[in-house]
Amino acid sequence: MAIIQAMNHFTVLSGDLDATRKFYGEMMGLVEGKRPAFRFPGIWFYSGDTPILHVIAGRELPKDPAGVLDHMAFTAADLPATAAKLKKMGVEYDLRRQPTTEQWQLFCKDPNGAVVELDFDSTEKAPPDHKAA
């Protein structure tokens, strides 16, 4: 049996807690929830009852925001609406299809420079302004 059973959460450092709250809350639809009374500022974001993204503020950010973490990926829904939200918020993204499964993969950066991948079912429609590569 594997020692690791499931992904618990990701933690990102934030230089701008309000922008990070807006990106993951308003844009990505995660819900800010209960967080232990740590001695440093931060946010715990939930999907349903599960805290899946922890944000820590008040620390010096690394020179390379990605560090050794290449990206974080989330299963997502409603590709056209997501692309429209990103466009409205001025967030650039790269949309492509995974070659084998044709699953949609949307890549963007959060306000702190972390790369976020949103995976959409292959049956979802492309955004109206998407040009196939």
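A: Glu102 counts as partly exposed because its relative accessibility is 45%. The cut-offs are under 20% for buried and over 50% for exposed, with partly exposed in between, using a 1.4 Å probe and protein chains only. Glu102 lies in the loop between β6 and β7. Its phi is positive, about 65 degrees, although Glu102 is not a glycine.

A word on the model. It is predicted: local features need pLDDT of at least 70, side-chain atom pairs count only at pLDDT 80 or more, and totals for chains, interfaces and linings use all residues. Residues are numbered from 1 along each chain as its sequence is written, and side-chain values use heavy atoms, with hydrogens and water left out.

Now the sheet beside that loop. Four strands make an open sheet in the order β5-β8-β7-β6. The pairing is mixed. Strands (E, at least two residues) and helices (H or I, at least four) are DSSP runs numbered from the N terminus. A pair of strands needs at least two DSSP bridges.

Start at the edges. β5 and β6 are the edge strands, and each pairs on one side only. β5 covers residues 72-75, while β6 covers residues 93-97. In the strand order, β8 and β7 sit between them. β7 takes in residues 104-109, and β8 takes in residues 115-120. Neighbouring strands here are turned by 20 degrees against each other on average, direction ignored. Angles in general run from 0 to 180 degrees between N-to-C directions, on axes fitted to C-alpha atoms (for helices, over the stretch in contact).

Look closely at β5. β5 and β8 run parallel and are joined by four bridges. Phe74 has Leu118 of β8 as its bridge partner. The two faces of β5 contrast. Met72 and Phe74 are on the covered face. Ala73 and Thr75 are on the uncovered one.

Next comes the chain beyond β5. Asp78 is in the loop that links β5 to α2. Asp78 is not a glycine, yet its phi is positive, about 70 degrees. With 42% relative accessibility, Asp78 counts as partly exposed.

Helix α2 spans residues 79-88. α2 lies across β6, β7 and β8. The helix runs at about 20 degrees to β7. Ala81 is partly exposed, at 34% relative accessibility. From Ala81 to Trp104 is 23 residues in sequence. In space, C-alpha to C-alpha, these two are 14 Å apart.

What about the other sheet? Its four strands also form an open sheet, in the order β1-β4-β3-β2, and the pairing is again mixed. β1 (10-14) and β2 (31-33) are the edge strands; each pairs on one side only. In this sheet, neighbouring strands are turned by 35 degrees against each other on average, direction ignored. Helix α1 packs on the sheet and touches β1, β2, β3 (42-47) and β4. The direction of α1 makes about 0 degrees with that of β3. α1 itself spans residues 17-27.

β1 pairs with β4 (residues 50-57) in the parallel sense, over five bridges. Val12 has its bridge partner in β4, namely Val55.

Finish with Ser14, which belongs to strand β1. Ser14 counts as buried because its relative accessibility is 3%. Its contacts (heavy atoms within 4.5 Å) reach several parts of the sequence. Leaving aside neighbours within four places in sequence, Ser14 contacts Thr20, Val55, Ile56, Ala57, Gly58, Leu61 and Asn112. Ser14 and Ala114 are 100 residues apart along the chain. Their C-alpha atoms are separated by 9.6 Å.
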